[in-house]
Amino acid sequence: MTAPGWRRDLFALPDLVYLDGNSLGALPRTVADRVAAVVEDEWGRGLIGSWNHVPGSSSGWIDLVDRCARLLAPLLGVDAADVHVGESTSQSLFATTVAGARMRPDRRVLVVDRSTFPTDAYVVSSVARLLDLEVRWCEGPGDDGGVAALEAVLDDDVALVSLTHVDFRTGAMFDLPAVAAAIHQHGALAQWDLCHSTGAMPVDLAAAGADLAVGCTYKYLNAGPGSPAYAWVAPHLQADLDPPVAGWMGHASPFAMRLDHEPRTGVGRLRVGTPPVLALSALEAALGVFSGVTTAELRAASLQLTGRFLAHVDTLAARFPDEQVALVTPRAHHRRGSQVSFRHPHAYGLVQALIARGVVGDFRDPDIARFGFAPLYTTLDDVDRAAAALAEVLESRAYADPAYAERNAVT
Ligand SMILES: Cc1ncc(COP(=O)(O)O)c(C=O)c1O
């Protein structure tokens, strides 16, 4: 079995236990060189010519979207031709939610889970306002993978169900194929936010019967702060794909400069404006670290890491019963993503005290301490060092230090 952290050498990591790769992934070494080359050579010297292929250079910017899609596709279990890359997660979600609702014009309801990341809820609500639909809430994945939660709200008036695969607070995970099957029984579309999944586990969208999906690339895919998101649309839906923004890059012949909009075929319709070349170049280089890695290997390493940390948390909760450490991540392997979270009355101070000790996790309102395990660069030794620091913080109650009370703008 592959040892967790087996590609750590490919990352430029400082001497920290970095357990926040589910918020911002670490920097792959190749990215800095690639971005410098794109800026200095391709843009600086190649100028406008770099949109096309310049012999001896990695330019050809016009193909970057497709090149990134080719690298992402195996991590999603789909064909590259069905993947678009370039907008933010929120914008992609808006596009696919509108497009999905338009594929079920006789239905009035959009369903979203209460455990979702807030942007998903805002997007679904704004699409409902725009298209005069109704929002219906369902519970999160819970302990059973979410089928019961979905069955409680599904009926034949539901156009689309938009779910976040892995709960960003607790790490609990929807059973994607089972939930998609329940949604399809009512003729609705299943849309997935994979921000906390891709790069840490198989998602196998095509085999699981998903319809639409989006996800970011700055967490487990390590493409840098604000890097472009991807969107996937099942092939059988693409003929009806009618996204809300028709930009020139989504035109079948953008350089014909015609005023009538003739959409590209397939997911190319999701293209809007000029692609973000610097960010896509960083993404392309970042995805190189997954070369030769299978999603099964990622999952196996992730489960070793989360399983070990979870056991440490259980041990510490028993050792310090007054501390009220309450695990919120499912213990069952197949029900959790690649993070471990627990509640603590002083979770904010606790996370700050850990950071001061070189263990970087993060805090989620109101009382959750959250630790992400990026399988490519996190080691079992990191897990043990984090647990030792946590024991020391609980024992000393360092979390109550007033120095840790003041909150940063980004927590
Ligand atoms: C599940 C999930 N969806 C969406 C987002 C954010 O979307 P965007 O990339 O548009 O900022 C996040 C950010 O952490 C997230 O965790």
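This is a predicted model: local features need pLDDT of at least 70, side-chain atom pairs count only at pLDDT 80 or more; totals for chains, interfaces and linings use all residues.
Colleague: What part of the ligand's accessible area does the protein cover?
Modeller: Polar side-chain atoms of Thr89 and Lys219 each lie 2.6 Å from an oxygen atom of the ligand. On its own the ligand has 400 Å² of accessible area (Shrake-Rupley method, 1.4 Å probe). Of this area, the protein covers 84%.

Colleague: Which helices each supply at least two residues of the shell around the ligand?
Modeller: The shell (residues with a heavy atom within 4 Å) includes Ser88, Thr89, Ser90, Phe117, Thr119 and Asp120. By class, the shell has three nonpolar, six polar and three charged residues. Helices here are DSSP runs of H or I with at least four residues, and those that each supply at least two shell residues are H3 (89-102) and H4 (118-131).

Colleague: At what angle do the axes of helix H1 and helix H8 cross?
Modeller: The axes, fitted to C-alpha atoms over the stretch in contact, belong to H1 (residues 29-45) and H8 (residues 277-287) and come within 9 Å. On a scale from 0 to 180 degrees between N-to-C directions, the crossing angle is roughly 145 degrees.

Colleague: How many residues of the contact of H1 with H8 are nonpolar?
Modeller: The contact (heavy atoms within 4.5 Å) involves Val31, Val35 and Val38 of H1, among others, and residues of H8 including Leu278, Ala282 and Ala285. Two of the contact residues are polar and two are charged, and the number of nonpolar ones is nine.

Colleague: Which residue has a positive phi although it is not a glycine?
Modeller: Most residues other than glycine have a negative phi. The exception in question is in the loop between strand E6 (189-193) and helix H7 (205-208). With a phi of about 40 degrees, the residue is Asp204.

Notes:
Residues are numbered from 1 along each chain as its sequence is written. Side-chain values use heavy atoms; hydrogens and water are left out. A polar contact is a pair of N or O atoms within 3.5 Å; within protein, one must be able to donate a hydrogen and the other to accept it, and residues adjacent in sequence count only if both atoms are side-chain atoms. Ala, Val, Leu, Ile, Met, Phe, Trp, Tyr, Cys and Pro count as nonpolar, Asp, Glu, Lys and Arg as charged, and the others, Gly among them, as polar.
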